[in-house]
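This report describes selected features of the structure shown below.

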Amino acid sequence: MEARTMARGRKGKRSEEGQYAPLPYALLKSPAWRALSGPAIKVLLELHTRYNGANNGKLFLSLNEAAETLGMGKATAQRAFDELQDKGLLVLTKQGNWYGRQANEWRITTKPESGRPQSTASNDWRSWQPKTERGSVADPSASPMGPPRNHLKRHGSARKPVRPVLPVASGSEMDR
């Protein structure tokens with residue numbers, strides 16, 4: 001009886017753990033997610049912590065703040081933002097202004113866009129495919145860039161027959 005009363009007492013209250021960011025299995029098993037670097041995952045999760053259910057498309061995170069908060073260099077943070085945009089997990093909705101001290105505004109594509117009635121998540125990451133040696137998986141006929149490669153696996157100098165090393169003659173043998 002006491003357990004029931006305790007269970008009812010907790011009903012409607014937030015857990016002591018606070019909010020959480022659900023990541024659907026469809027996302028976690030996608031090629032886009034599995035190809036993400038560690039810094040890109042950290043940036044995406046940081047943006048998830050700033051999402052409150054009504055502000056997608058207005059998630060503020062500057063390059064400097066991401067680098068400082070997440071313990072990475074600015075170049076690494078920039079590559080993470082670029083990677084997330086390339087893979088369709090993040091969209092830049094408004095460019096920030098350094099002199100106006102305004103951070104970039106972002107939209108996470110796994111969440112519906114805020115301010116648009118009946119909006120659903122765009123899930124742009126679903127259409128991302130990894131690149132193959134000749135182009136994308138979707139277009140295997142794409143021609144490779146750059147000069148043609150020699151497919152012979154040669155390492156080191158040109159192949160020549162190995163000559164045996166002759167012993168060095170001593171002084172008395174050289175006189176003969």
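In this predicted model, Ser-62 is in contact with Phe-81 and Ala-103, its neighbours within four places in sequence being left aside. Ser-62 belongs to the loop between S1 and H5. Its C-alpha atom is separated by 9.7 Å from that of Gln-78, although the two residues lie 16 residues apart along the chain.

**The largest pocket**

Ser-62 also takes part in the lining of the largest pocket, whose volume is about 400 Å³. The lining comprises 18 residues, and the closest to the pocket centre are Ser-62, Leu-63, Gln-102, Ala-103 and Asn-104. Of the elements, H6 gives the most, with four residues. In terms of residue class, the lining has nine polar, seven nonpolar and two charged residues.

**The sheet**

Strands S1, S3 and S2 form, in that order, an open sheet of three strands with antiparallel pairing. Strand S1 (59–60) and strand S2 (90–94) are its edge strands, each of which pairs on one side only. Strands of a sheet pair through backbone hydrogen bonds, in either a parallel or an antiparallel sense. Here, four bridges join S2 to strand S3 (residues 105–108) in the antiparallel sense. Within this part of the sheet, Arg-107 in S3 is the bridge partner of Val-91.

Helix H6 (residues 74–86) packs on the sheet, where it touches S2 and S3, and its direction makes about 105° with that of S2. Helix H4 (residues 38–50) lies across S1, S2 and S3 and runs at about 95° to S3.

**Helix packing around H4**

How do the axes of H4 and H5 cross, and within what distance do they come? They come within 11 Å and cross at roughly 105°. An angle from 65 to 115 degrees counts as roughly perpendicular, so H4 is described as roughly perpendicular to H5. On the H4 side, the residues of this contact are Lys-42, Val-43, Glu-46 and Arg-50, and they meet Glu-65, Thr-69 and Leu-70 in H5. Four charged, two nonpolar and one polar residues make up the contact of H4 with H5.

The axes of H4 and H6 come within 8 Å, with a crossing angle of roughly 75°. These two helices are therefore also roughly perpendicular to each other. H4 contributes Pro-39, Ala-40, Val-43, Leu-44 and Leu-47, which meet Thr-76, Ala-80, Phe-81, Glu-83 and Leu-84 in H6. The class composition of this contact is eight nonpolar, one polar and one charged residues.

**A backbone feature**

Most residues other than glycine have a negative phi. Asn-123 is not a glycine, yet it has a positive phi of about 45°. Asn-123 is found in the loop between S3 and strand S4 (131–132).

Key:
Residues are numbered from 1 along each chain as its sequence is written. This is a predicted model: local features need pLDDT of at least 70, side-chain atom pairs count only at pLDDT 80 or more; totals for chains, interfaces and linings use all residues. Side-chain values use heavy atoms; hydrogens and water are left out. Two strands pair if DSSP finds at least two bridges between them. Contact means heavy atoms within 4.5 Å. Axes are lines fitted to C-alpha atoms, for helices over the stretch in contact, and angles run from 0 to 180 degrees between N-to-C directions. On a 1 Å grid over the protein atoms alone, a cavity is a set of points where a 1.4 Å probe fits but cannot get out, and a pocket is an open set with protein on both sides within 12 Å along at least five of seven lines; lining residues have an atom within 4 Å of a point. Grid points are joined across faces, edges and corners, and a volume is the space filled by probe spheres set on the points. Ala, Val, Leu, Ile, Met, Phe, Trp, Tyr, Cys and Pro count as nonpolar, Asp, Glu, Lys and Arg as charged, and the others, Gly among them, as polar. Angles under 35 degrees count as roughly parallel, over 145 as roughly antiparallel, 65 to 115 as roughly perpendicular and the rest as oblique.
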